[in-house]
Amino acid sequence: MDIEYLLWLQNLRESWGSGAEFIVTLITNIPKSPLSALIPGILFWCISKRAGLFLLFLASFGRLVNTLIKDTVCVYRPYFLDSNLHPEVHAMEKASSFSMPSGHTQGATAIYGGLAYLYRKKFPLLIIPCALIILAVGFSRNFLGVHTPQDVLVAIVETLIVMFLADKLFDAVDEDKSLIKIFFGAGIVFCVVAAIYVLTKSYPVDYSHGKIIVSAAAAKIDSLDSIGGTFGFLLGAALEYKFVNFSTNVDLGVKIRRVLIGGIVGGAAMVLLYIFKIAGLEIVYEFCKGFLPIISIIFLVPFAFNYLERKTKFKFKKLGKRK
């Protein structure tokens, strides 16, 4: 049934032409877009540190959970299951590892599902566009031929479970701040154990047209960004809590400046990533692809704007009260 569905979508894709592929590719890249990074960033810097951290936790830890499932069940991409399937070329080039669960769908559910969950009571209508984005991203992975419906469904369910557990965890920390150290300690242990598992486990060796379908090296490299993102969350949150501890209780002008600083620091991080890539530092690049964006949002950007606000507050008469 799933292969028949993908073949039907393939016929639509081929009949609609490159214009449809272009639009759907834009949709499929929403979880990796600047918008999806800005949402938790703006929340964290300007509105609610807890809300921003919640989304970043879902994005980083949820991604690592996604990797653990993916590298455990080792399900191949659908086009290896049926030779009649021909996915969109660029989407296939980026699909270097296993198929289930869908990483793009997990990312969309983490950011937009998490946003809808956080503000479900205050802004209930927000649920509609957020749900549409999640469904559109999931559908795009099917339309481009790189994931089955099962891959998408598992990613959504997996992220919702992580979301539920994260909410309980954050509530517990809110009630008892002494649990923060336990949270960081347990998080580091989880991250290290997960990294050891995915980097040392054995992977299936199967061939298609004389080439290995998914090599162990490709699977391990593909997991580095999720490991980097989780480590970036833990290190960034610890450093911000210890050395910055900024407040979101500031005036609009300050919030705007914070977002601008976030864009500058984020741009610098992307330049550094590009340098790693063109230098051929593949392992460093893959790790930092997850690490740099998260630690930039949680620590580097707050460190920068906190320093500038303190050093230049004689120029800004309405900084707002700090907690």
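A cavity is a set of grid points where a 1.4 Å probe fits but cannot get out. In this predicted model, the count comes to one cavity of 30 Å³ or more. The largest cavity holds about 30 Å³ of space. Its lining consists of R63, T67, K70, D71, A219, D222 and S223. Two elements, α4 and α10, each give two or more residues to this lining, and α4 gives the most, with four residues. Sorted by class, the lining of the largest cavity has four charged residues, two polar residues and one nonpolar residue.

Helices α4 and α10 also take part in an open space. The second largest pocket has a volume of about 610 Å³. It is lined by 20 residues, of which K49, L53, K177, I180 and Y241 are the closest to its centre. The elements that give two or more residues to the lining of this pocket are α4 (49-73), α8, α9 (179-200) and α10 (216-244). The most is given by α10, which supplies four residues. In terms of class, the lining of the second largest pocket divides into ten nonpolar, six charged and four polar residues.

Helix α8 was next considered together with helix α6. The axes of α6 (residues 103-118) and α8 (residues 149-175) come within 9 Å and cross at roughly 45°. The crossing of α6 with α8 is right-handed. On the α6 side, the contact is made by T105, Q106, T109, A110, G113, G114 and Y117. On the α8 side, the residues in contact are V152, A155, I156, E158, T159, L160, M163 and D167. The contact of α6 with α8 has seven nonpolar residues, six polar residues and two charged residues.

Helix α6 also meets helix α3. The axes of α3 (residues 34-47) and α6 come within 10 Å and cross at roughly 40°, and the two helices are therefore oblique to each other. The crossing of α3 and α6 is left-handed, whereas that of α6 and α8 is right-handed. Helix α3 makes the contact through L35, S36, I39, P40 and L43, and helix α6 through I111, Y112 and L115. By class, the contact of α3 with α6 has seven nonpolar residues, one polar residue and no charged residues. By comparison, two charged residues are part of the contact of α6 with α8.

Two features of the backbone lie in loops beside these helices. The peptide bond from M100 to P101 is cis, with omega near 0°. P101 is found in the loop between α5 (89-94) and α6. The other feature concerns C74, which has a positive phi of about 50° although this residue is not a glycine. C74 is placed in the loop between α4 and α5.

Note on methods. Residues are numbered from 1 along each chain as its sequence is written. This is a predicted model: local features need pLDDT of at least 70, side-chain atom pairs count only at pLDDT 80 or more; totals for chains, interfaces and linings use all residues. Side-chain values use heavy atoms; hydrogens and water are left out. Axes are lines fitted to C-alpha atoms, for helices over the stretch in contact, and angles run from 0 to 180 degrees between N-to-C directions. A crossing is left-handed if the near helix is turned anticlockwise from the far one by less than a right angle, and right-handed if clockwise. Contact means heavy atoms within 4.5 Å. Ala, Val, Leu, Ile, Met, Phe, Trp, Tyr, Cys and Pro count as nonpolar, Asp, Glu, Lys and Arg as charged, and the others, Gly among them, as polar. On a 1 Å grid over the protein atoms alone, a cavity is a set of points where a 1.4 Å probe fits but cannot get out, and a pocket is an open set with protein on both sides within 12 Å along at least five of seven lines; lining residues have an atom within 4 Å of a point. Grid points are joined across faces, edges and corners, and a volume is the space filled by probe spheres set on the points. Angles under 35 degrees count as roughly parallel, over 145 as roughly antiparallel, 65 to 115 as roughly perpendicular and the rest as oblique.
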